[in-house]
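Thanks for coming, everyone. I'd like to walk through one structure with you. Please look at it first, and then we'll take it in parts.

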Amino acid sequence: MKKEIVKRWFMIHTYSGYEKKVQKDLEQKIETLGMTDIVTRIMVPEEEIVEERRGKKKIILRKLFPGYVMLEMEAVREETEDGINFKVDSEAWYVVRNTNGVTGFVGVGSDPIPMEEEEVQNVFSVIGYDVEKTKKEVVKLDFTKGEYVKILSEGFENQEGEVVEIDIEHRKVKVLLEMFGRLTPVEFDFENVKKA
């Protein structure tokens, strides 16, 4: 089985008319809980429409998908003989799912299904969102949170520890190592660890 951590866009279903409130509440929750590295962007896709009222032109924003909010979040892409699956962080899933106004992720059962890249590009082109800003480097890792890795950097060489945190943006990983008789989280660059 091949695993890699990727950033993908997901759709969440909300009560109609609650899209902006859900976006605001979610942004605050994610910030407060320190999950901005997992859930990176939240948006309500809107397009500008020119309406004429009483002879005057007025620009209004119209929601492309009433009752839906888009969010970009980290997921583990798993490739098996059965196909490709995406697993989102369970804590982030819980936070999103239990936000007022959210009825659930778009997907099968409780498993969120990411949007296809083509769908995301189409939405961005309609709303005039800068697509270049959305392109992020894909980081391929042979380990995930909770798995054990072997340390390659000097001073800790050949020690093994459990991965407790992965920071894609800064290319760092926190590993629990036994030091002075207790477990201590130590940060390493991705290239200084490998799957045990």
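Let's start with H2. Its buried residues pack against E1, helix H1 (19–32), strand E2 (39–43), E5 and strand E7 (102–105). Contact here means heavy atoms within 4.5 Å. Helices (H or I, at least four residues) and strands (E, at least two) are DSSP runs, numbered from the N terminus.

A word on the source. This is a predicted model, where local features need pLDDT of at least 70 and side-chain atom pairs count only at pLDDT 80 or more, while totals for chains, interfaces and linings use all residues. Residues are numbered from 1 along each chain as its sequence is written, and side-chain values use heavy atoms, with hydrogens and water left out.

Back to H2. Which residues of H2 are buried? They are Ala92, Val95 and Val96. They sit on the same side of H2 because they cover an arc of only 95° around the axis. That arc is taken from the directions from the helix axis to the C-beta atoms. The face turned away from the buried side carries exposed Ser90 and Tyr94. Buried means under 20% relative accessible area, exposed over 50%, and partly exposed in between, with a 1.4 Å probe and protein chains only.

Next, the strands. E11 (residues 160–167) and E12 (residues 172–179) run antiparallel, joined by 5 bridges. Strands pair if DSSP finds at least two bridges between them. Aspartate 167 has lysine 172 of E12 as its bridge partner. Lysine 172 also stands opposite aspartate 189 in E13. E12 pairs with E13 (residues 182–189) over 8 bridges, again antiparallel. Their hairpin has 2 residues between the strands, and phenylalanine 180 takes a positive phi near 55° there.

How many cavities of 30 Å³ or more does the whole structure have? The search finds 1. A cavity is a set of points on a 1 Å grid over the protein atoms alone where a 1.4 Å probe fits but cannot get out; a pocket is an open set with protein on both sides within 12 Å along at least five of seven lines; lining residues have an atom within 4 Å of a point. Asp167 and Lys172 are among the residues lining the largest cavity.

Last, the largest pocket. About 480 Å³ of space lies in it. Of its 20 lining residues, the closest to its centre are Ile38, Glu74, Asp89, Lys145 and Ile166. E5 gives the most to that lining, with 4 residues. Volume here is the space filled by probe spheres set on the points, with grid points joined across faces, edges and corners.
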